[in-house]
Amino acid sequence: QVQLLESGGGLVQVGGSLRLSCAASESGFSIGAVGWYRQAPGKKRELVAAITGGGATNYADFAKGRFKISRDSAKNAVHLQLNNLKPEDTAVYYCNAGDHWDWYDDMHFWGKGTQVTVSS
């Protein structure tokens with residue numbers, strides 16, 4: 001069973017940056033569409049950003065202008081660059097992916113999440 005592996009989370013101060021990465025556990029699995037989600041304690045999971053297999057992107061309003069999703073086809077990975085972080089960005093960030101082109105909510109594969117904590 002293919003697993004998605006997130007990395008890059010951590011503790012950062014307000015205004016800082018982090019780069020999250022999502023890669024597949026098996027080299028034979030080609031990551032297609034990807035969505036990054038986050039869930040803060042006591043809150044519902046929400047979409048942060050998504051990217052199709054062709055590179056088209058979609059962002060939540062809170063992510064526009066601060067976060068950037070991109071894919072590295074050579075490494076079969078998708079990154080989420082988090083800039084100008086705020087305390088309200090503190091959450092567990094999850095990678096969700098499929099091996100298909102188009103993005104849709106709640107695709108087949110999920111990672112276990114990576115913690116992002118922004119201190120004030």
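Let's start with Cys22: it counts as buried, at 0% relative accessibility. By buried I mean under 20% relative accessible area, with exposed over 50% and partly exposed in between, using a 1.4 Å probe and protein chains only. Cys95 is buried too, also at 0%.

Quick caveat before I go on: this is a predicted model, so local features need pLDDT of at least 70, side-chain atom pairs count only at pLDDT 80 or more, and totals for chains, interfaces and linings use all residues. Residues are numbered from 1 along each chain as its sequence is written, and side-chain values use heavy atoms, with hydrogens and water left out.

Okay, so what do Cys22 and Cys95 form? A disulfide, with their sulfur atoms 1.9 Å apart. The rule here is a pair of cysteine sulfur atoms within 2.5 Å, and the count comes to 1 disulfide. The link is left-handed, with -75° about the S-S bond. Cys22 sits in strand E3 and Cys95 in strand E9, 73 residues apart, so the pair links distant parts of the chain. Strands, by the way, are DSSP runs of at least two residues, labelled E and numbered from the N terminus.

Glu6 belongs to strand E1, residues 4–7, where Leu4 and Glu6 make up the covered face and Leu5 and Ser7 the uncovered one. In a regular strand the side chains alternate between the two faces of the sheet. E1 and E3 run antiparallel, joined by 4 bridges; for pairing, DSSP has to find at least two bridges between the strands.

Now over to E9, where we also find Asn96. Asn96 is buried, with a relative accessible area of 0%. A polar atom of its side chain lies 2.9 Å from the backbone oxygen of Phe109. Leaving aside neighbours within four places in sequence, Asn96 is in contact, meaning heavy atoms within 4.5 Å, with a list of residues including Leu4, Tyr37, Tyr104 and Trp110.

Last stop, the largest nonpolar core. That's a set of buried Ala, Val, Leu, Ile, Met, Phe, Trp, Tyr and Cys residues joined through side-chain atoms within 4.5 Å. Of its 30 residues, Trp36, Leu80, Leu82 and Tyr93 touch the most other members. Several strands each supply at least two residues of this core, among them E3, E4, E8 and E9. And Tyr93, beyond its neighbours within four places in sequence, is in contact with residues including Glu6, Trp36, Leu80 and Leu82.

Key: Polar contact = N/O pair within 3.5 Å; in protein donor to acceptor, adjacent residues only side chain to side chain.
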